[in-house]
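Please read them with the model open.

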Amino acid sequence: MRGYIFDMDGTLFQTNLILTPALEETFQMLRDKGLWEGETPLERYEAIMGVPLPEVWRTLCPLHTESQHQVSNDFFQHALIRCIQNRQGALYDGVEDVLSKLSKVDPLFIASNGQTAYLQTIVDTYQLQRYFQAVYSIDVESSGNKADLVARIIREQQLEEGAVIGDRLSDFEAAHKNHFKAIGVAFDFAQQQELHMADEVVTDFKALSPLLK
């Protein structure tokens, strides 16, 4: 059976619209506690967007303890969810139209390094359950590796062929390690040097339709 596996952040969902307010709120909390000085490291986060969350906080706040990383991450996740529920985010142009057409032909899945509650909030807010058979968060994969998460989807859903569609290196590596096609979307968080690892690259979500027929 053929199936298509989509990343969420920077692929289906314009995370950039909620990232700044949620991150600013989180680092203001750290400033209030005397745990941070200076500006919010937004550009640094954008550069590593797509990596597992523990790595995010080790990179952004290397001097903080693991327990403080967890506190910061929990605060950040709640801030993101509030932004989504307030509809401060958005799907990329063409996403619903393309997913509607594809889902009538082949099963679609989400594989994301985002946490379960965060992903479910996006799915519920934008009614993505209409298009996707299942949503897989990195939370369910003990290794924290996206290639392993994609392998789980392929195994559980009994997929024989298909593609992984995403914007970062972890998506393309996950595709190739599982012998799926890697399709890159050159949107907000995509890095040119990483897109070279994809088999195909699109700059408009609507351009996916002919590639996935």
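1. Ala, Val, Leu, Ile, Met, Phe, Trp, Tyr, Cys and Pro count as nonpolar, Asp, Glu, Lys and Arg as charged, and the others, Gly among them, as polar. The model is predicted, and the points below should be read with that in mind.

2. The volume of the largest pocket is about 250 Å³. Its lining is made up of 18 residues. Nearest the centre of this pocket are Gly-50, Pro-52, Leu-169, Ser-170 and Glu-173.

3. Which helix gives the most to the lining of the largest pocket? Helix 8 does, with five residues. Helix 8 spans 169-177, and helix 2 (42-48) and helix 7 (146-156) likewise each supply at least two residues of that lining.

4. By class, the lining of the largest pocket holds eight nonpolar, five polar and five charged residues.

5. The second largest pocket contains about 200 Å³ of space. It is lined by 13 residues, and Leu-53, Pro-54, Gln-70, Asn-73 and Gln-115 are the closest to its centre. Two or more residues of this lining come from helix 3 (53-60), and two or more from helix 4 (66-85).

6. Helix 4 provides the largest share of the lining of the second largest pocket, namely four residues. How does the lining of the second largest pocket divide by class, and how many residues are charged? There are five nonpolar and six polar residues, and two are charged.

Notes:
Residues are numbered from 1 along each chain as its sequence is written. This is a predicted model: local features need pLDDT of at least 70, side-chain atom pairs count only at pLDDT 80 or more; totals for chains, interfaces and linings use all residues. Side-chain values use heavy atoms; hydrogens and water are left out. On a 1 Å grid over the protein atoms alone, a cavity is a set of points where a 1.4 Å probe fits but cannot get out, and a pocket is an open set with protein on both sides within 12 Å along at least five of seven lines; lining residues have an atom within 4 Å of a point. Grid points are joined across faces, edges and corners, and a volume is the space filled by probe spheres set on the points.
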